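Open the model in your viewer and keep the selection tool at hand. The stops below go from the whole chain to single residues.

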Amino acid sequence: MKKTLILLIGALAFISCKESKKEIATTMPQHKNEVVEAIKNRRSIRAYKPEQIDQAQLDTIIDCGINAPSALNKQTWEVRVIQNADLLKRINDSFVEKAKGKDLKGSASRSQEPGFSVFHGSPTLIIVGREKNNPTSLVDCGLLAQNILLSAESMNIGTCTIGNMASILNDPDAKEFLKEINMPDTHEVAFGISIGYKNESPEAKPRDASKVQYIK
Ligand SMILES: Cc1cc2nc3c(=O)[nH]c(=O)nc-3n(C[C@H](O)[C@H](O)[C@H](O)COP(=O)(O)O)c2cc1C
């Protein structure tokens, strides 16, 4: 009887220890440093202040982006940093036009509302181009993007990845836009990144730690 009780208590202690570890993994970093803090504090920002971000900060962020790893160090991305208000407006107008009558998900579902911006009105929009015939290019671009997102967060600058950018700019009738931003024919748009000073502080979205398994 005593043995069974000890075993039961042991099993309960093991289960509760496992559970609390799972929670720690999702909510609270066990090792705190600036990188971990930037990762845990980053959120997709969908409201920006109109003022342009400081050029030196932007240069550092872009430099962090291109210091990302890439397969065979081929750096297959093309990066365009757009701050031209007229071009930004035309890109957004083009999205709104194409979205008419479509059942789009997320923030794009509000595309026909007045004042809608597919890149959430950020004063700067980064367009990331991927090499069309290179299967690892999208991974290269994703790693570049995460460096941009995290270095921006470390300066309290907001960002949001904009996958919707690909659908607008890779459309055959958007060739003129691609020409205007010097995107070579070898590349297509992977996604955009809106970037600017934050005008909101959203809560963290939940993460599913059960997708991670340790095999020891
Ligand atoms: C490939 C990709 C495409 C995305 N496209 C959009 C988009 O078009 N518009 C948008 O508002 N958010 C977009 N997001 C942001 C996601 O909605 C966001 O990362 C996710 O909801 C998790 O929230 P968090 O970034 O605040 O942690 C995109 C994210 C990724 C990784």
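Predicted model: local features only at pLDDT ≥ 70, side-chain atom pairs only at ≥ 80, totals over all residues.

**The whole chain**

Show the surface next. The accessible surface of the chain is about 13,700 Å², and carbon and sulfur atoms hold 55% of it. Of the 216 residues in the chain, 36% are buried. Among contacts with a separation of 6 or more, 83% join residues 24 or more positions apart.

**The largest nonpolar core**

Hide the surface and select Ile 91, Val 118, Ile 127, Met 165 and Leu 169. These residues have the most contacts inside the largest nonpolar core, which has 26 residues. At least two residues of this core come from each of helix 4 (85–99), strand 2 (124–131), strand 3, helix 6 (164–169) and helix 7 (175–180). Helix 4 contributes the most, with 6 residues. In soluble globular proteins, nonpolar side chains tend to be buried together.

Now centre the view on Met 165. Which residues does Met 165 touch, not counting those up to four places away in sequence? They are Ile 91, Val 118, Phe 119, Leu 125, Ile 127, Val 189, Phe 191 and Gly 192. A separate core of 20 residues lies apart from the largest one; to find it, select Ile 62, Ala 68, Ile 148 and Leu 149, which are among its members.

**Strand 3 and Thr 159**

Select residues 157–162, which form strand 3, and pick out Thr 159 within it. Is Thr 159 buried or exposed? Its relative accessibility is 2%, so Thr 159 counts as buried. Beyond its neighbours within four places in sequence, Thr 159 is in contact with Arg 43, Ser 44, Ile 45, Tyr 48, Leu 149, Ala 152, Ile 193, Ser 194 and Ile 195.

**The ligand**

Select the ligand and display the residues around it. The shell has 2 nonpolar, 6 polar and 5 charged residues. Strand 3 supplies the largest share of this shell, 3 residues. Which of the 13 residues around the ligand come nearest? They are Ser 44, Arg 46, His 120, Lys 205 and Arg 207. Ser 44 is also among the contacts of Thr 159.

- Arg 46: a side-chain N or O atom is 2.7 Å from an oxygen atom of the ligand.
- His 120: a polar side-chain atom lies 2.8 Å from an oxygen atom of the ligand.
- Ser 107: a side-chain N or O atom is 3.4 Å from an oxygen atom of the ligand.

On its own the ligand has 620 Å² of accessible area, and the protein covers 64% of that.

**Two asparagines in loops**

Go on to Asn 156, in the loop between helix 5 (137–154) and strand 3. Although Asn 156 is not a glycine, its phi is positive, at about 60 degrees.

The last stop is Asn 182, in the loop between helix 7 and strand 4 (187–197). Asn 182 is not a glycine either, and has a positive phi of about 55 degrees. With a relative accessibility of 58%, Asn 182 counts as exposed.

Terms used:
Residues numbered from 1 in each chain as written. Heavy atoms only, no water. Helix = DSSP H or I, 4+ residues; strand = E, 2+ residues; numbered from the N terminus. Buried < 20%, exposed > 50% of the residue type's maximum accessible area, 1.4 Å probe, protein only. Contact = heavy atoms within 4.5 Å. Near = heavy atom within 4 Å. Polar contact = N/O pair within 3.5 Å; in protein donor to acceptor, adjacent residues only side chain to side chain. Areas by Shrake-Rupley, 256 points an atom, 1.4 Å probe, with all protein chains shown as cover. Nonpolar A, V, L, I, M, F, W, Y, C, P; charged D, E, K, R; others polar. Core = buried A, V, L, I, M, F, W, Y, C linked by side-chain atoms within 4.5 Å.
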